[in-house]
Amino acid sequence: MKVNHKYEFVRGILREMDSKMAQLKIRKQMRQRLGRFRIGPLGLLICISTFFLVSCASLLPPERRVYPKNPVSLPKGMDIHDWMYTKKKQFPNQLLVHTPYGVVYKMMFFRKQKTFLGSYISCSAYIRQIDGKFIELIEIASIINYSDYTKSVGRYNKGGELGPMSENERTEILLPCIEEFLEPPGNQQ
């Protein structure tokens, strides 16, 4: 009986050693798999700095994302609804408009002109009527991307670079887009 007890004791130790060996084997395999993804201190520094550079980039403050020539006068005898209807007829393929509120429109306008790299430029704004015969463009923003808006089913969600991030982007990209949108119907090229 003592002999069997010794064997049971040895078997228990062997089972325990086998399970520990299996655990060590699994740990070793995991280290080997994760070893491929290890980065050194320089790689870690690059990852962290990239994260902070990307996350710290932001749009200009709201007071700089307002059309500088606000308020814009509406043509005689028109309210914002008539004017937006005229704009939709003027730019049937370049203008997307919806009304989130009664006298406020959200528009997205795609320029015909592209960047020198061939990217499409679009701008968006909230347009609201003030004082009966004037409109105001607020929360203006620009988007640059490579998607061809003319071949899209859902043109609203294309992604791209949102701007303006700087005064330079504001004057060279955003404001010309807004100016093109505001051109009267007879001044189109």
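Predicted model: local features only at pLDDT ≥ 70, side-chain atom pairs only at ≥ 80, totals over all residues.
A residue is called buried here when its relative accessible area is under 20%, and exposed when that area is over 50%.

**The fold as a whole**

The protein contains four helices and six strands, and along the sequence these elements follow the pattern α-α-β-α-β-β-β-β-β-α. Of its 189 residues, 30% are buried. Among the contacts in the protein with a separation of 6 or more, 53% are made by residues 24 or more positions apart.

Helix H3 covers residues 80–90, and its buried residues are Ile 80, Trp 83, Met 84, Lys 87 and Gln 90. Seen down the axis of H3, these buried residues fall within an arc of 115°, so they line one face of the helix. The face of H3 turned away from the buried side carries the exposed residues Tyr 85 and Lys 89.

The buried residues of H3 pack against strand S2 (95–101), strand S3 (104–114), strand S4 (120–130), strand S5 (134–145) and helix H4 (167–182).

**The aromatic cluster**

A search of the whole structure finds three aromatic pairs.

| Ring pair | Distance of centres | Angle of planes | Arrangement |
|---|---|---|---|
| Phe 91 and Phe 109 | 4.8 Å | 70° | edge-to-face |
| Phe 109 and Phe 181 | 5.7 Å | 55° | tilted |

Phe 91 lies in the loop between H3 and S2 while Phe 109 lies in strand S3, so their pair ties together parts that are 18 residues apart in sequence. Phe 91 is buried, with a relative accessible area of 3%, and Phe 109 is buried as well, with a value of 0%. Ring pairs link Trp 83, Phe 91, Phe 109 and Phe 181 into a cluster, and Trp 83 is one of the buried residues of H3.

**Charged residues around the rings**

Which residue lies over the face of Phe 181? Lys 87 takes that position, at 5.4 Å from the ring centre, and Lys 87 also belongs to the buried residues of H3. Elsewhere, Lys 106 lies over the face of Tyr 126, at 4.9 Å from the ring centre.

Glu 180 has its place in helix H4, and with a relative accessibility of 14% this residue counts as buried. When neighbours within four places in sequence are left aside, Glu 180 is in contact with Phe 91, Gln 94, Phe 109, Arg 111 and Lys 112. Two of these partners, Phe 91 and Phe 109, are also members of the aromatic cluster.

Definitions and conventions:
Residues numbered from 1 in each chain as written. Heavy atoms only, no water. Buried < 20%, exposed > 50% of the residue type's maximum accessible area, 1.4 Å probe, protein only. Helix = DSSP H or I, 4+ residues; strand = E, 2+ residues; numbered from the N terminus. Arc of directions from axis to C-beta. Contact = heavy atoms within 4.5 Å. Phe/Tyr/Trp six-rings, centres within 6.5 Å; stacked < 30°, edge-to-face > 60°. Lys NZ or Arg CZ within 6 Å of the ring centre and 35° of its normal.
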